[in-house]
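Thanks for coming, everyone. Please take a look at the next slide, and then we'll walk through it.

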Amino acid sequence: MIHVVSKTHSRLATIIISFNAGSRVERLGGFNPGIAHMLEHSLFKGTSKRTASQIQREIAFLGGRSNAFTSHEAVAYYITVPYENLEKCVEILSDMVFDPVFPEEEILREIEVVKEEEASSLDDIGSFIWRGFSENFFSNYLSDPVLGTADSISKFSRDEIERFHSKYCNKKDAIISICSNLSKKEMKSILNRYFGKQTGKISSIGEFERASYKDSDTLTASKAGIEHTYVWMGMPGFTSPSENVFAAQIATTILGRGMDSRLFTEVREKNGLVYSVSSSYNDWEYGSVNIIDFSTRQANVQKAIDIVNVEIDKMKEALVSEEELQRAKNKMRSSFYSAIEDSYSIAYWGIKEKLFNKPSISEYIDGLESVTREGVREASRGMYDKNKRLTMICGGKEN
């Protein structure tokens, strides 16, 4: 068990319990895809001390907001609450996570809820394209949908949920992060009281396959009810702790983040081909991707792609200006500061440090500041590899 204690000036406090038990461990353990996410729903359904409704009423009475999330790499359960009521919510969350009873009737009903969640996710154009994109871009666990599929969800059972919880969500393997305006001594005392003293380590889950990337390809898809054609152009990035990660994020910002970016200027402002165009960078423990995306009328697709290709080549061939570099650093600093203003974000950053060896907040800022013009070009050359690019083009279905 690992304890993480962080201070904030906010009067809202957060307690998070997380495990290295995201959807990627389903392959290792022989579980149905999506069971990690199903457990997320199930832990709100009652303990030996509280029913599902009692859990929600008690948290609401204390002014708390409870939630959870499942990613490829982690599951986490948390409550954000006025700091005066933090300790009581710590007790409730501990009870939920470590003493669930998985009532059969509640679980069967919740499986139906998850079926609805999976079906509705495909109504969203981004989720719809990501499903096809990830299946074809990644070779490892990142290709699996976190929610599972309609087929795998239909196979869930109470026993499987309980087995997954028992295997991967033990107290000894928890990373528990707390953030409030209380003193660190007070917060450590609360953690020790409800979870016991930390050992400073968690069990190794096993080896995960690293992503490998195929040669360039263009795939098409169609979806009823959309007017625009959506284009995603994805290329491999870098994985932490590569020193290129910071430069890659700066390059992504210069190329396609915001109305001052190169892509927005060239594709929208100068040519009027799109309403929006952007670039995003995502890295996981064993894989990464940089995606340039836009939507436009079908007749404009190739021209927009051609302009994107020109701007990618410029990033690889010429140094960005000093002004562009500093502007990108300022934008990223502003975005990052906004993201860690609340107790939840600070608490979760502590989870990422311990679980995935992410840099500390100060190390992250120092890493961004150390990026040079030459570093941006080097990262661009490694990241914008057209020979490893997957282009997904999704248009509307014809009647």
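Is D313 buried, partly exposed or exposed? Keep in mind that this is a predicted model. D313 has 27% relative accessibility, so it counts as partly exposed. Its side chain meets that of K386 in a salt bridge, 2.9 Å from N to O. This pair links distant parts of the chain. D313 is in helix α12, residues 301-317. K386 is in the loop between α16 and β10, 73 residues apart from D313. K386 is also partly exposed, with a relative accessible area of 27%.

Some salt bridges share partners. Those join K49, R50, E58, K88, E91 and D95 into one network. Across the whole structure, a search finds 29 salt bridges.

Here is another. E118 and R131 meet at 3.3 Å, N to O. E118 is in helix α5, R131 in helix α6, 13 residues apart. Both are buried.

Next, R158 and E162. Their closest N and O atoms are 3.0 Å apart. They sit 4 residues apart in helix α8, so about one helical turn separates them. R158 is buried, at 19% relative accessible area. E162 is partly exposed, at 34%.

Now the nonpolar side. The largest nonpolar core has 66 residues. I15, F19, Y77 and F164 have the most contacts inside it. Helix α4, residues 86-98, gives the most to this core: 7 residues. Apart from it lies another core, of 58 residues, including V4, V274, I365 and A379.

Last, what does Y77 touch, leaving aside neighbours within four places in sequence? Its contacts include I15, F19, L39, L93 and V97.

Notes
Residues numbered from 1 in each chain as written. Predicted model: local features only at pLDDT ≥ 70, side-chain atom pairs only at ≥ 80, totals over all residues. Heavy atoms only, no water. Core = buried A, V, L, I, M, F, W, Y, C linked by side-chain atoms within 4.5 Å. Buried < 20%, exposed > 50% of the residue type's maximum accessible area, 1.4 Å probe, protein only. Helix = DSSP H or I, 4+ residues; strand = E, 2+ residues; numbered from the N terminus. Contact = heavy atoms within 4.5 Å. Salt bridge = Lys/Arg side-chain N within 4 Å of Asp/Glu carboxyl O.
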